[in-house]
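Here are a few friendly notes to read alongside the model. Take them one at a time, and keep the structure open as you go.

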Amino acid sequence: MAQRAFQEPNGFEDWLAEDFVSSDDEVDELPVLPLRDSVLYPHMMAPLLVGREASLKAVEAAMEGDRRLIAVAQRDEEIEEPTKDDLYSVGTEVVIGRRLRMPDGTVSIWVQGRRRLRILRYLQEEPYMVAQIAPLNEYVEEGLPTEALMRAVLALFEKVVQLSHNVPEDAYVAAMNADDPGLLADLVASVLNLSIAERQEYLETTDTTQRLQKLSVELASELDVLELENRIQSQVQQEIDKSQREYFLREQMRVIQNELGETDPHTQDVNELRARLEEVKLPEEVRKRVEKELHRLESMPSMAPETGIIRTYIDWILSLPWGIYTTDNLDIARAAKILDESHFGLPKAKERILEHIAVHQLAADKMKSPILCFVGPPGTGKTSLGQSIAKALGRKFVRVSLGGIRDEAEIRGHRRTYVGALPGRIIQTMRRAESSNPVFMLDEIDKVGIDFRGDPSAALLEVLDPEQNYAFSDHYLEVPFDLSKVMFITTANLLDPIPPALLDRMEVIEFPGYMEEEKIEIARLFLIPKQVEQNGLTALRFSEGAIKGLIREYTQEAGVRNLDREIANICRKVARRVAEGKPVPTIITKQALPKYVGPPRYTFGLAEKDDQVGVATGVAWTEAGGDTLSVEVTIVPGKGNVLLTGQMGEVMQESAQAAISYTRSRAEELGFDDVDFDKIDIHIHVPEGAVPKDGPSAGITIATALISALTGRPVHHEVAMTGEITLRGRVLPIGGVREKVLAAQRAGFKTMLIPRQNRRDLDEVPPKLRRRLNFVFVDSMDQVVPVALAAQREASVAARLSR
């Protein structure tokens with residue numbers, strides 16, 4: 001047994017006098033029994049279940065002695081092993097009347113409270129707590145005020161017992177027979193629904209008059225709550241009785257009509273809609289609206305014009321997936337496997353989806369569904385990736401194409417005042433999804449138009465805003481529908497046509513064009529097996545040379561859609577030979593491609609075969625990815641005119657003018673100061689004149705071709721370039737670096753000039769591709785000329801013009 005501490009607490013003697021402890025000989029030592037969620041009062045009997053090790057030992061010690069304990073409540077009931085600091089300082093002396101050992105090792109004891117005790121100090125804490133205690137004598141003020149207070153408490157308690165289902169009537173009988181005011185107060189406090197702190201406060205109050213006064217206030221408050229609760233319950237019961245009566249009468253009417261054979265189709269429709277209404281869990285606001293419309297339909301003649309309109313409206317509301325959600329599969333490894341099996345590459349998009357799943361695991365109730373925007377050239381897998389995301393998450397997938405939509409009502413629906421009105425495409429698609437949390441793809445969002453009927457993109461602002469779409473309002477439904485759990489994915493080829501307010505609501509993920517190696521892997525892993533299976537073939541293979549030949553000479557795209565089409569073309573021709581019983585190859589080689597898909601359509605390699613004067617090659621960004629762009633400059637006798645051809649846009653024409661001004665300002669340094677610009681004409685042409693071209697990134701290409709034509713120095717045919725030029729010859733950064741590098745690699749260039757400020761953009765270019773090109777980073781044309789132009793000169797401008 002632990003040693004006991006005999007140090008007296010400060011102010012002990014003063015406390016004895018203050019709390020009516022009569023003498024020192026009443027100070028005693030008792031085992032302490034902590035109570036987790038209850039407070040015992042004097043004269044009260046109660047069963048206690050003892051299970052903690054220390055408490056069991058305290059009970060054993062009491063049984064070996066005079067069966068007395070001090071029962072003290074814990075300040076925090078969640079604490080499993082309380083210490084002396086976790087207990088109140090006032091408890092109740094209890095006597096164990098009966099002890100019963102339970103099968104699970106716990107002990108059930110029946111105790112009776114005797115008197116209030118104050119804990120002076122703890123003498124030991126192990127193996128069980130023992131405290132030095134002193135009694136707390138109650139102060140009883142006899143007389144008429146106390147008698148009146150007792151009667152008031154008893155009257156209030158009687159009303160509480162009558163209204164409350166939790167207070168037994170035996171408690172009121174016991175209270176009626178309590179002559180002592182302290183006993184009455186303790187008995188009433190023991191049966192009221194009070195917190196532990198409030199019960200302890202009554203235990204620590206030794207003035208019986210104060211206890212009765214507190215009880216009268218508590219009883220009055222409890223009585224107000226019970227009366228309100230009783231009134232609400234009565235109203236609910238009346239509504240239930242009314243509903244049951246209506247149901248009973250309707251059932252009687254239905255049976256009578258069935259017996260008479262008078263059930264008409266209109267009544268059947270109403271009954272069917274009412275039965276569906278009972279099955280669907282609608283929000284309260286929506287349910288009231290449907291019940292109102294259903295009542296109108298029920299009271300309306302079957303031949304009335306509005307009957308069909310109302311029935312269609314109710315049917316639409318009841319067909320929507322109100323509160324129906326599919327369970328998300330949050331297995332990140334499984335999701336990553338599904339995404340990798342269905343799509344090659346696209347690391348940013350896959351990483352974003354896996355991050356969404358991870359956040360959903362950790363904070364599902366706090367996260368908002370993402371609004372993603374996949375931007376990239378056609379054929380790069382934007383739409384099909386949406387289907388794979390739905391499969392990875394275990395959600396349903398729905399798609400709406402927005403291309404060509406010009407009417408706002410396509411999104412929000414028509415109001416019911418119009419003949420043939422229907423909900424918009426958003427609500428129609430949610431009905432088709434049969435779930436309130438599908439993966440919802442809005443395809444071709446950059447193709448949305450605008451005319452006199454409204455702006456559909458403005459209607460999409462509410463759909464794609466997580467702060468608003470929890471209560472999306474369709475003009476037809478006129479009730480809010482929750483879209484906050486929907487994962488919206490939009491696709492676009494270009495960001496420029498998308499309004500800024502709409503673009504701001506979306507998280508943009510770019511889908512760049514594929515490299516040749518990536519296309520080979522996509523063809524080998526996905527396209528060829530798919531086409532072989534779809535065409536009923538079994539053992540057809542493509543050599544790597546054949547795949548490269550299709551990519552280089554038969555397709556010219558950022559994606560793989562045309563590549564898939566060419567592979568399908570070959571498979572169909574092989575399938576025909578199989579059906580005709582002719583010999584078929586087991587492997588398609590590069591030499592066999594012309595036999596199946598005709599002669600090559602594109603020339604793979606450099607745009608120019610040798611160094612030429614006045615011809616420079618740049619790279620440009622297009623909707624299909626990147627492409628090479630030749631610039632030709634010719635100097636002819638004339639009157640100082642400048643001719644720009646090749647469908648050059650305004651920005652590109654301004655770049656050409658800036659290149660001419662820069663070149664003329666550097667005539668002496670570049671070695672053509674003998675040229676009289678008033679006697680020559682400069683013709684700048686960009687081939688493929690049927691294709692519109694624009695943008696500032698051809699500035700240094702035009703300047704290089706112009707300097708080459710004026711100096712007679714040929715341009716290296718293995719050098720590609722891109723960059724905007726200023727009048728002072730500075731080279732400014734441009735966009736679309738990754739696509740332009742891919743175009744340069746596809747065309748077979750060895751060196752590429754790019755603005756120095758675009759060096760950081762090369763991080764988006766795969767390392768394998770970066771190693772194939774020699775990148776030269778430039779800040780000004782002074783750095784471009786030595787790399788792009790050959791050192792030797794051909795004939796000067798004057799010599800060439802004199803020929």
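1. Let's begin with the sheet. It is open and has 5 strands, in the order β8-β9-β12-β7-β13, with parallel pairing. Strands here are DSSP runs of E with at least two residues, helices are runs of H or I with at least four, and both are numbered from the N terminus. Two strands pair if DSSP finds at least two bridges between them. β8 (397–401) and β13 (507–510) are at the edges with a single partner strand each, so one side of each has no neighbour in the sheet. From one strand to the next, the twist averages 20 degrees.

2. Before going on, a word on the source. This is a predicted model, in which local features need pLDDT of at least 70, side-chain atom pairs count only at pLDDT 80 or more, and totals for chains, interfaces and linings use all residues. Residues are numbered from 1 along each chain as its sequence is written, and side-chain values use heavy atoms, leaving out hydrogens and water.

3. Now look at one pair of strands. β9 (residues 439–443) and β12 (residues 487–492) are joined in the parallel sense over 4 bridges. V439 stands opposite M487 in β12. Helix α13 (residues 382–393) packs on the sheet, where it touches β7 (371–375), β8, β9 and β12, and its direction makes about 175 degrees with that of β9. Axes are lines fitted to C-alpha atoms, for helices over the stretch in contact, and angles run from 0 to 180 degrees between N-to-C directions.

4. Stay with β12 and find T491, which lies in this strand. Is T491 buried or exposed? T491 counts as buried, because its relative accessibility is 1%. (Buried means under 20% relative accessible area, exposed over 50%, and partly exposed in between, with a 1.4 Å probe and protein chains only.) Beyond its neighbours within four places in sequence, T491 has contacts that include F374, K382, M441 and L442. Contact means heavy atoms within 4.5 Å.
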